[in-house]
Amino acid sequence: MRLRSLLFVPGDRPDRMEKALGLSADALILDLEDSVAPARKPEARKAVASFLRSAERRARLFVRINALDSGLLEDDLAAVLDARPDALVLPKAEGSASVEALAALAPGVPILPIATETPSAIFQLGSYVAARDLLLGLTWGAEDLPAAIGATTARNEDGSYTSPYEVVRSLTLFAGHAIGAAVVDTVYPDFRDSEGMQRYAQRARRDGFTGMMAIHPSQVPVINAAFTPAADEIARAVAIIDAFSVNPDAGVLQLDGRMIDAPHLRQARRIIEASK
Ligand code: COA
Ligand code: MG
């Protein structure tokens, strides 16, 4: 099942959950963490559990719980697990040990760690492979890490990441593909900048991310479009696959004057897969 767009909805906003379900998001992330003020956590738990129980599952329904050491996680899980979320999003994750700790409390629920929110987390990115069977995929964040290290921002004036955060984004990309799971790019917070959003999502797909998180309804169609192969890409992929199927013994061929070999064939199959 496709997982292009994952839309955050604050856990204390049931009106917005209902609205979010009417969009074309592949998944909703019902948030119990940073978008919910401490005093409203109990209300948010109830709202999320009740939505999980009653909602038509037109999108996959994920829950972002609070971090392992937050003191809030046990109550989060007690409220939502029986209502069968499709996955748990784990903030401030620090490698396979965090995933195993959460899986022990929530057996059988796939986990999507936000894998870059603390300095130590960066050095654990390579460890997720060991917990691959527990993982839905990997994602990253560019908001908590700068705050954790006293950086003033993760972004340049033009919205691009500063070099430390480019590194972190790239490490997540490779760590995610090392697992062979979904690799989800982080949110684009400037939700009124639709052109910047489109460029960001297109770059995410170009670089190898398989989907992206959203914070606002307007971002969902842009993400879905960016992660859906265009007609000309599909046509070229079909042509590559056809060229090899009529020449089964060829390792390398040419198509429109350009060399194609095994990586191009792999890429073509991926495009066909992503277009389904
Ligand atoms: N899910 C569902 N609906 C949403 C939504 C969301 N995440 N964000 C906005 N909407 C709806 C609003 O309810 C509104 O609907 P209406 O036109 O029927 O009244 C419409 O979209 C337009 O909203 P808008 O006025 O542009 O935004 P806002 O100022 O009310 O809210 C945010 C802006 C950022 C606070 C809001 O988009 C939001 O809460 N996003 C998610 C934040 C989050 O979960 N962050 C944690 C992870 S980074
Ligand atoms: Mg956060």
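## Ligand 1 and its surroundings

In this predicted model, a nitrogen atom of ligand 1 lies 2.8 Å from a backbone N or O atom of Phe8. Phe8 is also among the closest of the 15 residues that surround the ligand, together with Arg16, Lys19, Ile215 and His216.

- The side chain of Arg16 places an N or O atom 2.7 Å from an oxygen atom of ligand 1.
- For Arg192, an N or O atom of the side chain is 3.4 Å from an oxygen atom of ligand 1.

**Make-up of the shell**
- Two elements, β1 (5–10) and α1 (14–21), each give two or more residues to the shell around ligand 1.
- Of the elements, β1 provides the largest share of this shell, with four residues.
- By residue class, the shell holds eight nonpolar, two polar and five charged residues.

**The loop at Val252**
- Val252 belongs to the loop that runs between α10 (231–246) and β9 (253–255).
- Which residues does Val252 contact, leaving aside its neighbours within four places in sequence? They are Met259, Ile260 and Asp261.
- Leu265 is 13 residues from Val252 along the chain, and the C-alpha atoms of the two are 10.0 Å apart.

Key
Residues numbered from 1 in each chain as written. Chains lettered and ligands numbered in written order. Predicted model: local features only at pLDDT ≥ 70, side-chain atom pairs only at ≥ 80, totals over all residues. Heavy atoms only, no water. Contact = heavy atoms within 4.5 Å. Near = heavy atom within 4 Å. Polar contact = N/O pair within 3.5 Å; in protein donor to acceptor, adjacent residues only side chain to side chain. Nonpolar A, V, L, I, M, F, W, Y, C, P; charged D, E, K, R; others polar.
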